[in-house]
There are 6 protein chains.
Amino acid sequence: MKYGARNQVQGEVVEVKRGTVMCQVKVKIPAEATMCSVMTLDSLDDLGIAEGSKVNVVAKAVNVLLTTD
Amino acid sequence: MKYGARNQVQGEVVEVKRGTVMCQVKVKIPAEATMCSVMTLDSLDDLGIAEGSKVNVVAKAVNVLLTTD
Amino acid sequence: MKYGARNQVQGEVVEVKRGTVMCQVKVKIPAEATMCSVMTLDSLDDLGIAEGSKVNVVAKAVNVLLTTD
Amino acid sequence: MKYGARNQVQGEVVEVKRGTVMCQVKVKIPAEATMCSVMTLDSLDDLGIAEGSKVNVVAKAVNVLLTTD
Amino acid sequence: MKYGARNQVQGEVVEVKRGTVMCQVKVKIPAEATMCSVMTLDSLDDLGIAEGSKVNVVAKAVNVLLTTD
Amino acid sequence: MKYGARNQVQGEVVEVKRGTVMCQVKVKIPAEATMCSVMTLDSLDDLGIAEGSKVNVVAKAVNVLLTTD
């Protein structure tokens, strides 16, 4: 299984916050960091994930912004 | 300085690949991982970054996709 | 402080509409125009913005669509 | 003609920079500001725009990031 | 009317699910497939669409991800 | 294998156009339609796809725009 995206990391779901249409999922990745994804509740249900689930976190490079101080 | 984005990490630029309009920037983040951003050459020049520069890597949660095996 | 994004403008928050997971923030920019951002409530709280706050509005060029009539 | 996007403004193309796959289009909008869009050359050719063309600049609110100093 | 986007298809709205800030719209496209868009309620109201409405579904190529099994 | 995205369809690569940093991939999907993805050449090489390859086309609903005439 391969993705056409430059940013990929594996992690574990640590929190799922459900809204009415959307939800927010926090994922613990290595190095004590967390990443966050927002998706529809329908997608959440399709994924069937909950706290403790192993997931792949994927982001296309065009949607990653760099800034400097 | 604060961002309205759930995904933020600091890193160091390790590679800049310039095209004709766009460029690709690889950033080393903690835990031996790298992230990648694609932006216009104009933005790269504004940022004034090169190998070794310290940058913040920012991504909105809506653009982060989760998958399971 | 610099951003790797082609679209940047300063403005003032004129409305914040909170949902259960997401929120919508309207920003008045020069020339009597308004722009709108949707983000998580968590990001809103991190930003600590409310009506009257000064903010920077940032969008990557790849996410800007042009159309003609 | 209506769009399901919160950010819409009309402008005039002031520069087109062509790459091999992508291109960058600068659009002058009211209030002496410019916005920038990156698209494929194929889309540019479909639009049939050049310097001086009138265009609509459209961005979904989820892809607009707010920051504070 | 033309769009600077590589992915365009016409369809018919088959479901609208309203949240507090966002909503989810399902669109039936040819070949028995459905596509899905998430937008703000404000955009939904501007569009004035409901079940049975004819809409154009538009996505920029940079936001389309390819994967292989 | 599951994705947290509402828009998913299988197709066959019919064209790959390589630039210096980015590339554009056209995918034939059922019903005589084509979809298009832009990604980095690095991602293309990781995917290892070429004309004739079977791929999954994935897009998050937040990046899908609806319009009406």
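Leaving out residues up to four places away in sequence, B:Arg6 touches A:Gln24, A:Cys36, B:Ala59, B:Ala61, C:Thr40, C:Asp42, C:Ser43 and C:Asp46, where contact means heavy atoms within 4.5 Å. The model is predicted, with local features needing pLDDT of at least 70 and side-chain atom pairs counting only at pLDDT 80 or more, while totals for chains, interfaces and linings use all residues. Residues are numbered from 1 along each chain as its sequence is written, chains are lettered from A and ligands numbered from 1 in the order in which they are written, and side-chain values use heavy atoms, with hydrogens and water left out.

B:Arg6 lies in the loop between β1 (2–3) and β2 (7–18) of chain B; strands (E, at least two residues) and helices (H or I, at least four) are DSSP runs numbered from the N terminus. With a relative accessibility of 18%, B:Arg6 is buried, on a scale where buried means under 20% relative accessible area, exposed over 50% and partly exposed in between (1.4 Å probe, protein chains only). The side chain of B:Arg6 makes a polar contact of 2.3 Å with that of C:Asp46 and another of 3.0 Å with that of C:Ser43. A polar contact is a pair of N or O atoms within 3.5 Å; within protein, one must be able to donate a hydrogen and the other to accept it, and residues adjacent in sequence count only if both atoms are side-chain atoms.

A second residue to look at is A:Lys54, found in strand β5 (residues 54–59) of chain A. A:Lys54 is exposed, at 59% relative accessible area. Apart from neighbours within four places in sequence, A:Lys54 is in contact with A:Gly11, A:Glu12 and B:Thr68, and its side chain forms a polar contact of 3.1 Å with the side chain of A:Glu12.

Turning to the strands, an open sheet is formed by six of them in the order β1(A)-β6(E)-β5(F)-β2(F)-β3(F)-β4(F), with antiparallel pairing. Its edge strands are β1 (2–3) of chain A and β4 (33–40) of chain F, each of which pairs on one side only. Strands pair if DSSP finds at least two bridges between them; three bridges join β6 (residues 65–68) of chain E to β5 (residues 54–59) of chain F. E:Leu66 stands opposite F:Val57 in β5(F).

The same surface serves both copies, as 100% of the contact residues of chain A recur in chain B.
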